[in-house]
Structures are given as structure tokens and as C-alpha cells.
Amino acid sequence: MILEDVRARLQAEIPGCQVDLVVNGSPSAQNSLLIDRQHGLEAARLLRGLELDYCSNVTAVDWPERVQTDKIKSKQVVDGVEKEIEQTVKTTIPGYLEVVYHLFSMSKKEGPVVVRMRTGNRTDDVTLPSLTPVWRSAEFQEREAFDLYGIVFDGHPDLRRILMWEGFTDYPMRRDYVPPPDDDLEALGER
Amino acid sequence: MGPQHPSTHGVFRMDVRLDGERVMRLKPVFGYLHRNHEKIAETASYLAAIPYTDRLDYLCSMTNNWGYALAVEKLAGLTVPERAEYIRVIVGELTRLQNHAGMVGFLLQDMGASGTPLMYAFRERERVLDLFESLSGARMMCNYMRFGGVRVDCSAEWLSEAAKLVAGFGSFLDEFEKLLTGNEILMARTQGVGVLPRELAINAGVTGPGLRASGVNYDVRKVDRYGIYERFEFRVPLGEHGDVFDRYMMRVLEMRETLKILEQALRDIPAGPIMDPKARLRGLRPKVGEAYGRIESPKGELGFYLISDGTPNPYRYRVRPPSLINLTVLEDMCLGHNIADVVVILGSIDIVMGEVDR
């Protein structure tokens, strides 16, 4: 299944759906599609219609705010002589949480088609549409992403903590998570 | 039920609501064995994660190593020498043999056949573990595979010992099946119990023998043809009813197919190196990018998803645990059955809590 075709289908059939191709630089060359979260559920239904009947892996990735340094070369004329000047440009990329779905087709024996969605930030805008109504296999895995990363899945039938205990308040898989001291049971949420 | 109930295969709890003996609602509760395996691996180097993978599904450390090694090989663009590929198939399929034999033993134990089938299965499993011990130094926590190959080579004596085991295993299976397959109690307890419809199995991401018992022809060894599986002739057994009996039969039939693969692999294994000379075990820094690698482990599709940011630690390390995802449909399979059937249905899924809770 060619990713560009899938992208074209999504853009053609869902008006306003923004789909970006995320290029993967590793030798695996597994590129992915970044779908905007407003159209996530609609896009998932369409993907399932394209015989991507099996959602294998659902997981989250934490991307804190980071500074990207790019070196831009430009030509400028200084004192009548053309010179190549290298400038360092720093851009701050705001942090976000990301969910990644690995989709396969059991009927056509194809895949993976990798789909991602991103939250607005890491603090108060962390809601993404749940794809559990489309693929039941996402049920426990989305619960896990909620439990360990703090992503809220809108439309999930049973969104509770799954691995950590009830009453635990933090999200241990986040990059900036600091575990409380072992003897501090109160901080661990023990009551 | 649980977490200390002997039928729950470890520390696993089910929140069950009953009407008399009938199950009206069942919610699994996880996390008793949670140690945040993924976080530990993200703070360690690529090499240091291998012994941790042994402890996921602690009955099948060889296949866990394999899944992880395959994902790193995809991420870093490493190749595996032919001899190492053969050794991987041999130890991987031996793992499948001992896992399935043990699973059938435990299933019968859950049904109340106290001791006998499980002890027979464990007698055979011991022989496989003896082989693993002489090859890797450990019976269960083998820590054997490396990205780009395997850790140590196997000797000619080891191969002939393995061939002896394979040659004798068929008669064990015959004996085992004579004891079990036609048994009236086994049939009464398993046929028509815990039926998993085909569509639900696909939608809920059930993989491995549980999926194929529902009649879906999907085996990652055949679909992805990872490693050198395209060289071997074997069939994929399929069930018709998707009940506990079919899931039991899948294990037995798969063991017979596994024996065919082992015979071919032990016959054809070539001489040669066992490591990719380009593979740097210590201080491996894959290029920025990501990879998802998956194998057909005895429990189902075991996947590893890795993101590299160019440093010696994986930026993201994720295990796709077949045991956890196969439990998604536990409630659907149990509703309307007796409480005693819950034990049997759970046993037929074949879970290991080390992998469920990670």
C-alpha cells in the first residue's frame, strides 16, 4: 500500500482534513502520515474501509519543547565581493504529545501504514479522538497511553489507569518525570 | 478472582460480576507486575535492553530477544549472516515447542487434570531448556541474540543433540494426543466454550494461535517472511469454531509444523560467521528515525517500536505485548459462561504476566 495514495484518498474524501507525510530517515524507511486531530476518527473509519482491518500497535511519544538549530547558507555581496555567509538560526519547537498507530491489512496481508496524531501541548490541551470505536485492539493500549503519558482519549469507552494504581497522579513515561523518593508513600498516591 | 488465584497464571485479577454461577460482567485488572520496562530501556543503551527483554514473556526469552534484535536491525540497517539466521530459527522454534507444550499442560491443569499432562509437558520442556543452557549458559533468561547475529556459535554436538530431541518429539506428541485429544472430559469442557467470532478477533487485534483458531489465516512468519522463513515448508493450521478446543488443537498442530521447520533448519544449516561485522554492539548510535519490527512469537505478534534521536539510548522504546492485547476479548468470550469456564478460557489465551504488565 503506497502511503501517497492513502494520503490522497484521505484528502479527497474528507473535506478539510490535513494530512502530512512524515519522512523517516532510518534505513527502515517506514514513513508515516500525520493526521489533524479534528478529523482523526473520520480518517480512521476511512482507513479501515481501505481494508486496514488490523490495528496492531498503539503507543504514545512525548516531545518536550526543544530548540532546533539550523545552519542556513546564503550569498551576500559585501564590499562588492560575493561571499557565502553561514547563519545559525534557532527555532523553538513547542512541546506536544503524539500517538502512533501501526495499521496492517489482514485480508490483503499488507502494512504497516503508520498514522500519527498530535496534541496541542503537553499541559491543558491533551485531548485526542479515541480510535477504539473503529479498532477494539486500541482499547487497552489507549488506556496505557492515558495512564503513562496523560493523553485524554475522547470517546474511549473505559478510560481509566491500567498499569499504575488508582490515585496515582503523575505520568511516568514522560521525559521530564521525576520519581518521588521510595519512602515517600504519600507522594506515590498511597492512602 | 485473583490476584493470588492459582489459575490466573501469575498475579492477575478479574473483577467478575456473577448471577449465580453465570458471568454477567468481567473486567481484567492489571499492573501487579508493572516495572515500567519501557522507561528502563529508554535510559539504557541499545545493547543493555536485551537482558530486560528476556523478562517480558519469561518462558520465551529467545523469541523476545529476536523481536528486539529485528527491530534494531531495521532501525540501524544491519544484516544477519546466514548461519545466525538458521540458529535463530532453531532456537525460536524450540521456544515455540516448549511454550505450546507447557501451555497445553497448564490448560489441562486448569481443567482439573491435576499433574499428569503438565508433568509430561514439563519433562519435554526440560530437554529444550537443557539445550538452551548448554548453548547460552541460562535455562530461561538466555540473553542470547544480538542485533546483527547471535552471541555464541553452536557446536556440531549441540546440533546433533537438538536433532535427537526433534526426532523424539513426534512420538511424545502422539502419546500426548492419545491421552488428551479424544478425551471425553476435555471435549465436554472445551467444545463450544469461549467462542471468539472471526470479525471480533481481527478487530480486537488478537494474534497468534488464538486468531488462527477463529479461522483467520495470518501468521507473521508467512506474511512478513522475516529472517529466512521463506525457505521452509510448513503449513499454518486453522480452526473452524474459534472455541477453546480449537485453540488447544492449534497448539498441538503448530508443534507438529514446528517440528517440520526444525528438521529442515537442522539439515540445511551452513557454516560461517554468526555476527554482522558492521554491527557495533557497544555504543550503537542509529541514525535519527524510527522502526517497527515484529515477529510471530508463541503468544502472537510481538512487536518492538523504536525511535532513535542519534544518541546511544533509544528515544522511545515500545513493546507491543501480544499477551495484553489478546486479553481485550476476555470479557466477550466469558459472558454467559460459568465461573469454572472463565478459568479454562483464560488458560486457552496463554498469557504471561511479565509481558502483560511490563
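This is a predicted model: local features need pLDDT of at least 70, side-chain atom pairs count only at pLDDT 80 or more; totals for chains, interfaces and linings use all residues.
Colleague: How much area do chain A and chain B bury between them?

Modeller: Residues are numbered from 1 along each chain as its sequence is written, and chains are lettered from A in the order in which they are written. Buried area is the accessible area (1.4 Å probe) that two parts lose on being put together, summed over both. Carbon and sulfur atoms carry 53% of it here, and the total is about 3800 Å².

Colleague: How many residues of chain B are in contact with chain A?

Modeller: Contact means heavy atoms within 4.5 Å. On the chain A side 46 residues take part, and on the chain B side the count is 48.

Colleague: How many helices and strands does chain B have?

Modeller: Both are DSSP runs, with helices (H or I) of at least four residues and strands (E) of at least two. Chain B has seven strands, and its helices number 15.

Colleague: What percentage of the residues of chain B count as buried?

Modeller: Buried means under 20% relative accessible area (1.4 Å probe, protein chains only). Chain B has 358 residues, and the buried share is 63%.

Methods. Side-chain values use heavy atoms; hydrogens and water are left out. Buried means under 20% relative accessible area, exposed over 50%, partly exposed in between (1.4 Å probe, protein chains only).
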